[in-house]
Amino acid sequence: MGELKVHRVRFFDYMPTAIRAMAFNAHTERLALARMDGSVEIFNFTDHYFQEKVIPGKDSRSIESLCWVGGRLFSAGLNGEIAEYDLENLRPKYSLEAYGGPIWTVISNTQGTQLAIGCEDGTVKLFEVLEEHIQFERNLDRQKGRIISLSWHPSGTHIAAGMMDMIRVFDVPTGHAVQRLLVDRGIGGSKSRETVVWSVAFLSDHTVVSGDSAGKVQVWDGHTGTLVKTHLVTKWDVLALSVSKDESSVVAGTSEGTVIQFQFIAPTLHQQDKEWVRTRTFKNHTHDVRALAEIETAIVSGGMDTHLVVRPLLEKFDEKSHASGLRKIHFPHRNLVSCAKKAGLLLFQFPGQLELWRLGDSDGHGEKHTLSKKREMEEIQSISLTLFKQKGEDHICCSALSSCGGWLAYSTVSSVRIYRLQTDNNISITKVLPNPELAMTTKCIHILRYTSHGSVLVFQLHCIVPVYGSCPSAMGIHPTTNNLTMVHADQQLFEYSIVEKQYTDWSRKLQKQGLHNVWLDRDTPVTHVTFNPKNPNQVVLHDMHMFCIIDQSLPLPDQKTQFYNQMTLRSLSEQERPSHLHAFKICKTFQDLLCVSLLDDQSLVVVERPLLAITSQLPAPVRQKKFAT
């Protein structure tokens, strides 16, 4: 593309909230994750860990625990309510008050017929799972003290409950407590503090495993109520436990940011009897690990440092491959930035507000980098125009800014709001009354044309693009060719002619030759596609770590081609370069990308959110002893 002026933007203060809970559905291989702001995210683990759904949070919603029952998802929290989610319309389906005070945990039996919740008032409440809702059934014996954690025995006949200083085992048919397991307090000064049993796991052989605030992972005989083994793993809290499907492994998350694995094995080669042995320690977090899931091939963890970690278990893989690599998911797999290409405006989306910025002029001092040729990168001096605060408790689902900068729209789960903008001299914002025909749950696409008043245009279905097995992560329609470019979670790339109702010749050629392995092995999805309106051959797209300009006039790279070839091109003469060019021009100069867009004046906007900036805003982690201190 020759020389490009780059507007480098680092003033979008995007701040994800901590991961509070997670639940893995082994049948659908979907992971549900809840954050501190009450939002719920669904990841498809069969499709490259793609974040396929997001249910926005709400100011009054608190989620402490998540639970799958078949394909249905439930949550419970400190607001004292149980909620079931509508996973089609991405909103709570209903919620009901449990009348037990704050709820600390929710679980289901293996049969999927009952839910159990642990309440602040010391009750374990059972709910029957019906076809369309849940219904209160009964309480188990009330205890003195809150119920912090629960685990249902696979047979469905018993429930283990973690409390303060003890674990109770309940007989479900009778509702009576049949065992009391007393948990030791910590050593030294911590003996004066109650021990919180943050997590329990009830295994098929009636072994109970517990993790507590005194830093212990303990193994109990659930039949007799006796302690079998104590593992002191930290001076701080053990906050979460997860058990493998075959019950041969247990992982524990601590407030030091470590994940510790225990396996049921013979401790030595000369010993035949098995016991629970601490085998591995993983350190992929800086803060509390609040949520864990051990799945068939990996350990999944999350907590206060906000990112989701998928740590493959290498013994589950025959050889080292892309699938066996550590994966960290930092950013949402969707757009939070909208760019008005003609007007030079940026819209930043936060859960409860929107920020509108105008791109300013640079000071003329910058560095020089290379994409294909020389490019001048300039820091910009931008102006914050206005702030839109969402009214009500619902968080913002999505937002958009028109290319001309004259219109702004955003939506929540219950409404759509549209504004007319004038930003030439004085800022003028006019709210456009929403059309009553515009509903949020009709599963239809509405196209509105606004003049003095709104009118709804009805469009007929033109065509259906052939179904592909991986979720689309980004797509865009070229403004001049009318071709639809689609990128999927598995990194495959397609171009479809809307006019001709078929894939373009370039797309067919690409699929026949195949994408370069370096492209396919990337572990973050493309989240935005844009175009160069002055050159129909060029498509611009980006993921978290790079942006790419695809020039369809250049040859496709084969597997022998050097894919990242910018350094090589820089060292070649003008006469030698053409023979080394290929269609994929990658730039990795910028990192932690939230948006890359090409303006009409041929300048590039790059919105970065450095991970270190996010980390710097987190609360201080627990004190950890350093070597020789």
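Student: Why does Glu 29 count as partly exposed?

Tutor: Its relative accessibility is 36%, and the classes are buried under 20%, exposed over 50% and partly exposed in between (1.4 Å probe, protein chains only), so Glu 29 falls into the middle class. This is a predicted model, in which local features need pLDDT of at least 70 and side-chain atom pairs count only at pLDDT 80 or more, whereas totals for chains, interfaces and linings use all residues. Residues are numbered from 1 along each chain as its sequence is written, and side-chain values use heavy atoms, with hydrogens and water left out.

Student: What makes the phi of Glu 29 worth a remark, and where is Glu 29 found?

Tutor: Most residues other than glycine have a negative phi. Glu 29 is not a glycine, yet its phi is positive, near 55°, and it is found in the loop between strand S2 (19-25) and strand S3 (30-35); strands here are DSSP runs of E with at least two residues, helices are runs of H or I with at least four, and both are numbered from the N terminus. Tyr 99 also has a positive phi without being a glycine, at about 60°, and its place is in the loop between strand S9 (91-97) and strand S10 (103-108).

Student: Is Tyr 99 buried or exposed?

Tutor: Tyr 99 has a relative accessible area of 71%, and therefore it is exposed. Strand S10, by contrast, is mostly covered, with 5 of its 6 residues buried.

Student: How do you know that S10 and S11 pair?

Tutor: Two strands pair if DSSP finds at least two bridges between them, and 5 bridges join S10 to strand S11 (residues 114-119), the two running antiparallel. Ile 103 stands opposite Cys 119 in S11, and the two strands form a hairpin with 5 residues between them, where Gly 112 in the turn has a positive phi of about 75°.

Student: What makes strand S20 largely enclosed, and which strands are joined to it by bridges?

Tutor: Because 5 of the 6 residues of S20 (residues 216-221) are buried, the strand is largely enclosed by the rest of the structure. Strand S19 (residues 207-212) is joined to S20 by 5 bridges in the antiparallel sense, with Gln 218 as the bridge partner of Ser 210. Strand S21 (residues 226-232) is joined to S20 by 6 bridges, also antiparallel, and here Trp 220 stands opposite Leu 227.

Student: Why are the buried residues of helix H1 said to line one face?

Tutor: The buried residues of H1 (residues 505-513) are Trp 506, Ser 507 and Leu 510. Seen down the helix axis, they fall within an arc of 100° (taken from the directions from the axis to the C-beta atoms), so they line one face of H1. The face turned away from them carries the exposed residues Asp 505 and Lys 512. What covers the buried residues includes strand S44 (493-497), strand S45 (502-503) and strand S48 (547-551), where contact means heavy atoms within 4.5 Å.

Student: What makes a group of residues a nonpolar core, and how many residues has the largest one?

Tutor: Such a core is a set of buried Ala, Val, Leu, Ile, Met, Phe, Trp, Tyr and Cys residues joined through side-chain atoms within 4.5 Å. The largest has 21 residues, and those with the most contacts inside it include Leu 493, Trp 519, Cys 548 and Phe 584. H1, strand S46 (528-531), strand S47 (538-542), S48 and strand S49 (584-587) each give two or more residues to this core. Apart from it lies another core, of 20 residues, among them Phe 12, Leu 359, Cys 595 and Leu 599.
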